[in-house]
Amino acid sequence: MNTFYYEVVSIDGDYANLKRTDTESDEIKLVARALLPPEIMEGTRLRYELMTYEIIPG
């Protein structure tokens, strides 16, 4: 089971741009907002595990 950590860099309409925070990477991942928790905003930290995204409190 793989777990990945992301931060929401920006939101553009129905899509959000995510940046990995658990590894050194400049790559931005474009994800449909329908796959993300509805209450996300720029700066929200997310965990991706078992094909779902969830907000990391804190």
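What percentage of the 58 residues of the protein chain count as buried? In this predicted model, 24% of them do.

**Figure 1. Overview of the predicted protein chain.** The protein chain contains five strands and zero helices. Read from the N terminus, its elements follow the order β-β-β-β-β. With a radius of gyration of 10 Å, close to the 10 Å that the globule rule gives for 58 residues, the protein chain is as compact as a globular protein of that length. Along the principal axes, the C-alpha atoms occupy a box of roughly 30 × 25 × 20 Å. Among contacts with a separation of 6 or more, 32% are between residues 24 or more positions apart.

**Figure 2. Surface and charges of the protein chain.** The chain carries 6 positive and 11 negative charges. The mean position of the positive charges lies 3 Å from that of the negative charges.

**Figure 3. Asn17 in strand β2.** Strand β2 spans residues 15–20 and includes Asn17. The side chain of Asn17 forms a polar contact of 2.8 Å with the side chain of Ser10. Ser10 is also listed among the residues that Asn17 touches when residues up to four places away in sequence are not counted.

**Figure 4. Thr44 in the loop between β3 and β4.** The loop that holds Thr44 lies between β3 (28–32) and β4 (45–49). Thr44 counts as buried because its relative accessibility is 12%, which is under the 20% cut-off. Its side chain reaches the backbone oxygen of Met41 at 2.8 Å. Leaving aside neighbours within four places in sequence, the residues in contact with Thr44 are Tyr6, Glu7, Val8 and Ile55.

**Figure 5. Pro57 in the segment after β5.** Strand β5 covers residues 52–55, and Pro57 is found in the segment that follows. Pro57 has a relative accessibility of 70% and therefore counts as exposed, the cut-off being over 50%. The C-alpha atom of Pro57 is 8.9 Å from that of Leu46, a residue 11 positions away along the chain.

Conventions:
Residues are numbered from 1 along each chain as its sequence is written. This is a predicted model: local features need pLDDT of at least 70, side-chain atom pairs count only at pLDDT 80 or more; totals for chains, interfaces and linings use all residues. Side-chain values use heavy atoms; hydrogens and water are left out. Helices (H or I, at least four residues) and strands (E, at least two) are DSSP runs, numbered from the N terminus. Buried means under 20% relative accessible area, exposed over 50%, partly exposed in between (1.4 Å probe, protein chains only). A polar contact is a pair of N or O atoms within 3.5 Å; within protein, one must be able to donate a hydrogen and the other to accept it, and residues adjacent in sequence count only if both atoms are side-chain atoms. Contact means heavy atoms within 4.5 Å. The radius of gyration is taken over C-alpha atoms; the globule rule is 2.2 Å times the number of residues to the power 0.38. Accessible areas come from the Shrake-Rupley method with a 1.4 Å probe; for residues, only the protein chains shown count as cover. Lys and Arg count as positive and Asp and Glu as negative; His and the chain ends are not counted. The place of a charge is taken as NZ of Lys, CZ of Arg, CG of Asp or CD of Glu.
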